[in-house]
Amino acid sequence: MSFVITTPLYYVNDKPHLGSIYTTLICDSIARYKRLSGEKVIFITGVDEHGLKIQRTANNKGVDPQSHCDEISNIFLQSWKDWDITYNKFIRTTSKKHESIVSEFYNRVKKSDDIYMGVQKGWYCVGCEEFKDNPENSPTHKCPIHQKNLEWKNEENLFFRLSKYQSQIEDLINDSLFIQPKERRNEIINFVSKGLKDFSISRTNVSWGISVPDTQNHTFYVWFDALLGYVSAISNDMNNSSLEVSINKGWPADIHLIGKDILRFHAVYWPAMLLSAGMKIPKKVFGHGFLTREGQKMGKSLGNVLDPNYLLSKYGKEAVRWYLLKDISLGSDGDFQNKRFVDIINNDLANTIGNLLNRTSSMSRKWFNNRVPNNEKFNTDNTLELYSNESIKMYIKHYDSFELDLAANVILNLAINTNLYLNEKQPWKLIKEEENISLVSNIIYNVLESTRIIGLLLLPILPDLSSKIDIQLGSLYNKNYSWIEQLKWGKLIHNSELPAPTPIIEKLEYE
Ligand code: MSP
């Protein structure tokens, strides 16, 4: 059994933006955590390449849609490499194997008698690739998300009998574990309570899509196609890829992590489609919040889009990961503020964690011959051991509930308390008297050990920083044990050598 986690499949109308990086970093961190905890993980990401939005983007550039998709998909792949995203499957919805799974799936839904031909009239947002059903959205109104005019559509489409699944969807969303966080669940409960309407799953005016079998001139609606990417991703890299193989090799997903704007598709339409095809539904849909910049919505027209590549080259990925994962509670909206960003990185990582390691390692090297002290004979103080064990328990509880910010704060608090312990014990004063050497060796051992635990807990959040801490402590502790084993107090080897300390993170400057 694998733990299956997915990012949304990103539209290739443009290169990745901070929002796409945000979702992907969260999934990356959860995937790393699950692997460290001993689970087999299938981490799925990829791109959504069909539909009117992509067709128009390519047309406006004067290139054919396929070359456009190839170009942007490669940028996504490169970006995931630059950010060190540990995905297992990257799906492109233009891949032939995906197309054939879409047809297989469609045939199952058709067999369930859930497809019929009808006429679709309504106001459409090409940015969302969605009909907007609220009467207040007239053509003079704009899409609230994209601020662009809606377009009137009136055409023959194939429809999916969503209405048939009303009671099953109600049961599903009443399960408090399915949609998270709570506030998002209420939005969906409210939407479903108004009665589900059948929705159109084909288009006659969009050539850039997968052809509907046996139906001339119809291509699949991009969302019908894209959601299936989660399933096809599982077997896409196998020779015998098929719906059946994907089902046997990992489906259903344990969690779809998405932005709040696309919750309806994932928590209502998608489960109904799967029920119709006789397939299992995902275990959880988590709708995270939106990022703003200095309190303002980010957008091309506002000219305030924050380029993730700029952040990466200027501050490095560890700083961005810490800010996005630690400072924003998963599920709430978050604001990117330059001053706060610099302050948090300097306070948390450089001052609190970096200095703790640096000063303790220096003291240990100076007083114990460049080594970790041996406190075996004199181990009377278990304050930090108790604190650290308690922190590990809380950290695991938070990670398992996808409270990444709280898990990160547990690590920070462990570092703050370890610094306090050191300041209270003042080993630099004690060392002046020869008779205190055992006492000092105990203090320094405890602080170094607590720092080792801090480094380990950082592994799924800040993998590079964590490995720098490990190197500074001699890299001796992780060879023969699982991560969980390594988290046990006392694994730091007495008398082992400590390398000369170097800063694990540079302080940042204000812009
Ligand atoms: N292609 C669809 C998803 C199909 S999944 C089968 C799509 N793509 S998207 O590229 O437009 O959006 C991908 C994700 O980025 C969405 O979850 C969206 O919520 C998220 N974000 C877009 N802007 C964002 C912010 N400013 N902040 C945080 N996330 C945001 O929708």
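Biologist: Where in the chain is Pro252 placed?

Modeller: The model is predicted; local features need pLDDT of at least 70, side-chain atom pairs count only at pLDDT 80 or more, and totals for chains, interfaces and linings use all residues. Residues are numbered from 1 along each chain as its sequence is written, and side-chain values use heavy atoms, with hydrogens and water left out. Helices (H or I, at least four residues) and strands (E, at least two) are DSSP runs numbered from the N terminus. On that scheme, Pro252 belongs to the loop between helix H9 (243-248) and E11.

Biologist: Is the peptide bond from Trp251 to Pro252 cis or trans, and what is its omega?

Modeller: Most peptide bonds are trans. The bond from Trp251 to Pro252 is cis, and its omega is near 10 degrees.

Biologist: Which residue makes a polar contact with the side chain of Asp254?

Modeller: Asp254 is placed in the loop between H9 and E11. Asp254 is buried (under 20% relative accessible area; exposed is over 50%, partly exposed in between, with a 1.4 Å probe and protein chains only), at a relative accessible area of 14%. Leaving aside neighbours within four places in sequence, its contacts (heavy atoms within 4.5 Å) are Ser2, Phe3, Val4, Lys283 and Lys284. A polar contact is a pair of N or O atoms within 3.5 Å, where within protein one must be able to donate a hydrogen and the other to accept it, and residues adjacent in sequence count only if both atoms are side-chain atoms; at 3.1 Å, the partner of the Asp254 side chain is the side chain of Lys283.

Biologist: What is the omega of the peptide bond from Gln180 to Pro181?

Modeller: Pro181 is found in the loop between strand E7 (179-180) and helix H6 (182-193). The bond from Gln180 to Pro181 is cis, with omega near -5 degrees.

Biologist: Is Glu129 buried or exposed, and what is its relative accessible area?

Modeller: Glu129 sits in the loop between strand E4 (115-125) and strand E5 (130-132). Its phi is near 55 degrees, a positive value in a residue other than glycine. Most residues other than glycine have a negative phi. Glu129 is buried, with a relative accessible area of 2%.

Biologist: What is the relative accessibility of Asn370?

Modeller: Asn370 lies in the loop between helix H13 (338-367) and helix H14 (383-400). Its phi is near 65 degrees, again positive in a residue other than glycine. Asn370 counts as partly exposed, with a relative accessibility of 34%.
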